[in-house]
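Have a look at the structure first, then read on.

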Amino acid sequence: MAQIADVLVVGGGTSGAALAGLLARDRSRRVMLLEAGPDYGALAEGRWPAELLDASRIPGTHDWGYSGTNYPGQVAPAAYNRARVIGGCSSHNGCVALLGHRRDYDRWAELGNDGWAWADVAPAFERAKEALRVRIPGDQEMTPFQAGFVEAATGAGIPRVDDLNDPDDVEGVAPSPANIVNGTRWNTALAYLDPVREQGNLAVIGDALVDRVIFDGRRAVAVEAIVDGRRERYEAGRIVLSAGAYGSPAILQRSGVGPADDLEALGIAVIHDLPGVGRGLTDHPVVHIGLRPSERLLRQMEVFGTVNWLPDEQALLKAQSSRCDEAFDLHLYAVGGRGFGQAEREFVIEVSCVIPRSSGKLTLTSLDPEAPPAIDHGYLTDPDGHDLAVLLDGIGLARRIAANMRDAGLIERVLAPDESLTSDDDLRRWGQETVGIYYHPACSCRMGPEGDVTAVVDPRGMVHGLEGLAVCDASIFPVIMRANTNLPAAMLAEHMAAWLAE
């Protein structure tokens with residue numbers, strides 16, 4: 001039997017949980033949220049698994065099992081972790097809450113997306129930061145490794161700043177703003193759903209895997225989901241896909257919306273030929289600079305951990321490469337905390353190009369909604385080698401910081417790339433062999449004005465050429481911002497909720 005709602009949100013991840021909670025604040029509006037993973041209810045009910053709440057390290061549970069190849073020369077498939085649980089990746093990420101630079105959003109507007117310039121989205125960011133309880137950790141909360149990284153970075157010429165979320169800063173190092181409350185990962189389910197769960201107008205259905213959208217002509221009228229092994233139909237006046245940069249394009253394609261040739265090859269009846277679905281998939285390419293900690297640092301970490309928590313991720317740097325023409329284009333990220341000492345390369349500096357020019361695509365491999373799609377991020381494939389050149393500059397900066405940490409007695413040596421690799425050609429090959437995911441997939445259902453053949457949704461999130469169907473998640477970013485996607489995904493919900501309620 002069909003279940004009726006005014007608005008049905010597909011996917012209870014970072015954007016979807018926030019959007020459903022915001023829409024449900026109007027008690028007269030019936031809102032339904034379908035999440036493919038479990039719903040653990042309100043925090044006060046005590047059913048949330050400890051590993052999802054513990055902000056000190058990233059859990060390995062509740063994963064979709066996505067994988068792909070980072071670069072053609074790499075043999076082993078890479079894991080593209082995404083959370084299959086209420087709150088989505090906000091329930092198992094590193095809790096970094098960055099917004100990037102004002103130019104990121106001004107560029108969205110320059111691409112024809114009216115209403116998305118920095119001045120337009122800044123209030124939504126403030127509301128999202130308040131809901132997620134974003135704060136800047138104090139210096140006393142940084143582990144000895146992270147504090148040593150910050151000091152070594154300033155010694156390498158990077159200024160210490162107060163707030164990495166200053167939208168005008170171009171360089172700086174500091175503890176990263178985080179959505180952490182007394183050691184608890186404050187995800188969007190806790191922030192946005194808990195306050196409205198008892199109102200009676202919000203239905204949250206967990207373990208509901210949405211297969212496809214059902215259309216009446218060009219109007220989306222329902223979705224079909226698999227719940228307890230049965231196919232259920234859920235109808236609504238408006239349907240919003242918030243299944244993420246991998247999930248939303250896959251649902252559209254299974255529904256007959258996407259590149260016609262790809263759909264017909266799988267025997268899918270084409271409802272709407274929309275070439276941009278699944279194309280333009282973008283993430284920040286990253287390489288990992290491995291560090292062998294000194295015995296002194298290990299002892300300091302052990303002592304620190306007896307009286308403090310040990311977050312794996314808390315100190316971050318933004319910088320300019322020689323290719324940078326505005327703001328910044330590099331992240332360097334010190335990672336290592338509670339798990340210290342368990343492996344030789346437990347301590348790393350992640351180096352990422354945060355305005356990449358490379359992109360890839362997502363395509364279906366099967367009509368089975370449980371079958372993972374083929375994911376190709378296209379890392380380092382831009383024809384002029386821009387992204388790799390930026391990473392090489394970042395590797396040079398990371399080595400200078402590591403040298404300062406070695407002089408301070410915190411590390412013994414750099415494990416990777418090997419110190420014998422000094423030529424640009426050697427470092428390029430190493431970068432291609434080791435490049436990986438920064439866990440910020442986006443842009444696979446790009447937002448753009450009518451007439452943009454690469455766009456999937458219009459500047460209000462409505463799917464071009466169809467009625468009653470919208471997308472609200474990181475897949476609609478026109479270009480990826482110079483930040484992780486956690487806070488921007490919540491901003492989307494804050495900014496779009498009023499439009500999607502119309």
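N113 is buried, with a relative accessible area of 0%. Bear in mind that this is a predicted model. The residue sits in the loop between α3 and α4, and its side chain reaches back to the backbone oxygen of W108 at 3.1 Å. What else does N113 touch, leaving aside its neighbours within four places in sequence? Besides W108, the contacts are M447, G448, P449, P459 and P478. G112, which follows α3, has a positive phi, near 105°.

Now for the helix itself. α3 covers residues 102-110, and D104, Y105 and W108 are buried in it. Looking down the axis of α3, you find these buried residues within an arc of 85°, so they line one face of the helix.

R482 forms a salt bridge with D104, with the closest N and O atoms 2.7 Å apart. R482 lies in the loop between β23 (469-471) and α12, while D104 is in helix α3, so the pair ties together parts that are 378 residues apart in sequence. Both R482 and D104 are buried. They also belong to a network of salt bridges that links R103, D104, E110, E326 and R482.

Across the whole structure there are 29 salt bridges.

| Pair | N to O distance |
|---|---|
| R482 and D104 | 2.7 Å |
| E370 and R84 | 3.1 Å |
| E45 and R47 | 3.1 Å |

Take the salt bridge of E370 and R84. E370 is in the loop between β19 (360-363) and β20 (374-376), and R84 is in the loop between β4 (78-79) and α3, so this pair ties together parts that are 286 residues apart in sequence. E370 is partly exposed at 45%, whereas R84 is buried at 18%. In the E45 and R47 pair, E45 is partly exposed at 43% and R47 is partly exposed at 45%.

C95 is buried at 1% relative accessibility. For C472, the closest cysteine sulfur is in C445, 12 Å off and too far for a bond. C472 is buried as well, with a relative accessible area of 0%.

Definitions and conventions. Residues are numbered from 1 along each chain as its sequence is written. This is a predicted model: local features need pLDDT of at least 70, side-chain atom pairs count only at pLDDT 80 or more; totals for chains, interfaces and linings use all residues. Side-chain values use heavy atoms; hydrogens and water are left out. Buried means under 20% relative accessible area, exposed over 50%, partly exposed in between (1.4 Å probe, protein chains only). Helices (H or I, at least four residues) and strands (E, at least two) are DSSP runs, numbered from the N terminus. The arc is that of the directions from the helix axis to the C-beta atoms. A disulfide is a pair of cysteine sulfur atoms within 2.5 Å. A polar contact is a pair of N or O atoms within 3.5 Å; within protein, one must be able to donate a hydrogen and the other to accept it, and residues adjacent in sequence count only if both atoms are side-chain atoms. Contact means heavy atoms within 4.5 Å. A salt bridge is a side-chain nitrogen of Lys or Arg within 4 Å of a carboxyl oxygen of Asp or Glu.
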